[in-house]
Amino acid sequence: MNCHLLLMCHQSQPASSTYTTSVLPPIDGEEYIDIPNTGMRKTIAKRLTESKTTIPHSYVTIDCNMGNVSKLRKQLAGDGIKVSFNDFIIKASAIALQRVPQVNSVWQGDSVKLSTTVDISVAVATDQGLITPIVQSAAFLSVDDISNKVKDLAARAREGKLKLEEFQGGSFTISNLGMFGISEFSAVINPPQTAILAIGGSQLVLGENGKPETKMTVTLSYDSRVVDESEASQFLEVFQEVMENPRLTIVGSRLSAALAS
């Protein structure tokens with residue numbers, strides 16, 4: 001099962017007011033309460049231990065200017081097409097994985113297998129823990145197709161209705177905590193994959209030109225047995241280029257035609 005937890009939150013802000021926590025009632029005479037582990041929690045614990053003890057994690061981070069993505073989203077919304085920042089993130093990741101195929105790989109035994117398709121696992125929180133449904137062949141999907149696919153997968157993940165092939169496998173993982181007010185974090189690699197992208201929330205900062213800009217910080221955790229520093233850096237450079245020029249994600253698609261009409 002492709003499950004993972006998130007690690008090393010560098011900075012956090014108060015979560016949305018819609019976020020609630022459960023408070024367990026006190027039990028007389030008890031100093032703590034035993035909570036039985038579910039099968040998913042046991043799997044998460046096993047895979048976390050496997051990942052952190054067998055995979056040499058390395059990290060690279062980059063900031064992306066999100067101004068153009070915001071403008072394009074508004075344009076598409078004006079044509080009745082609603083897509084999220086995360087949909088653009090998935091598409092930009094797919095393009096970057098095509099250009100830097102070493103990152104789109106899995107570790108098998110003592111060798112590396114480059115994946116022939118870009119199948120992106122997307123972390124989804126459920127009552128039982130995190131699960132990572134897969135957006136298959138993401139490089140060939142339009143941004144709105146990705147949006148519809150993610151909504152369907154996330155809904156069925158929370159209902160426990162995913163098929164095995166819809167959450168087992170994948171060649172790369174994205175974990176987005178921006179909606180929880182997390183500005184930057186590093187994620188644990190999801191074995192046998194060799195990389196995972198951690199997405200922080202957008203923040204207003206002062207740009208080099210002295211004007212305010214909206215920046216998003218992303219961190220790539222990668223298996224240094226497979227991916228070297230130059231390849232990891234190249235992946236983030238391509239990702240940044242696409243996010244800052246989001247029309248690259250819709251060239252030749254029906255979204256491009258919709259904006260042109």
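Tutor: Helices (H or I, at least four residues) and strands (E, at least two) are DSSP runs, numbered from the N terminus. The model is predicted, with local features needing pLDDT of at least 70 and side-chain atom pairs counting only at pLDDT 80 or more, while totals for chains, interfaces and linings use all residues. Residues are numbered from 1 along each chain as its sequence is written, and side-chain values use heavy atoms, with hydrogens and water left out.

Student: What is the phi of S137, a residue other than glycine?

Tutor: S137 sits in the loop between β8 (134-135) and α4 (143-158). With a relative accessible area of 29%, S137 falls between the two cut-offs and is therefore partly exposed. Its phi is positive, near 50°.

Student: At what angle do the axes of α3 and α4 cross?

Tutor: Axes here are lines fitted to C-alpha atoms, for helices over the stretch in contact, with angles from 0 to 180 degrees between N-to-C directions. The axes of α3 (residues 85-99) and α4 come within 9 Å. The crossing angle is roughly 115°.

Student: How are α3 and α4 oriented to each other?

Tutor: The crossing is right-handed, a term for a near helix turned clockwise from the far one by less than a right angle, with anticlockwise being left-handed. D87, F88, I90 and K91 in α3 meet V143, I146, S147 and V150 in α4, and these residues divide into five nonpolar (Ala, Val, Leu, Ile, Met, Phe, Trp, Tyr, Cys and Pro), two charged (Asp, Glu, Lys and Arg) and one polar (the others, Gly among them). Angles under 35 degrees count as roughly parallel, over 145 as roughly antiparallel, 65 to 115 as roughly perpendicular and the rest as oblique. The axes cross at roughly 115°, which means that α3 and α4 are roughly perpendicular.

Student: What orientation do α3 and α5 have to each other?

Tutor: Helix α3 passes α5 in a right-handed crossing. The contact is made by residues including F88, A92 and L97 of α3 and F235, V238 and M243 of α5, and by class it has eleven nonpolar, two polar and two charged residues. The two helices pack at an angle of about 135°, with their axes 8 Å apart. Helices α3 and α5 are therefore oblique.

Student: Is E229 buried or exposed?

Tutor: E229 is in helix α5 (residues 229-244). E229 and V60 are 169 residues apart in sequence and 8.1 Å apart in space, C-alpha to C-alpha. Because its relative accessibility is 61%, E229 counts as exposed.

Student: With which residue does the side chain of D144 make a polar contact of 2.4 Å?

Tutor: D144 is in helix α4 and counts as buried because its relative accessibility is 12%. Beyond neighbours within four places in sequence, D144 is in contact with I81, V83, R254 and L255. A polar contact is a pair of N or O atoms within 3.5 Å; within protein, one must be able to donate a hydrogen and the other to accept it, and residues adjacent in sequence count only if both atoms are side-chain atoms. The side-chain partner of D144 at 2.4 Å is S142.

Student: Which residue is joined to T217 by a side-chain polar contact of 2.6 Å?

Tutor: T217 is found in strand β12 (residues 212-223) and is buried, because its relative accessible area is 12%. Leaving aside neighbours within four places in sequence, the residues in contact with T217 include T61, S183 and A198. The side-chain polar contact of 2.6 Å joins T217 to D63.

Conventions. Buried < 20%, exposed > 50% of the residue type's maximum accessible area, 1.4 Å probe, protein only. Contact = heavy atoms within 4.5 Å.
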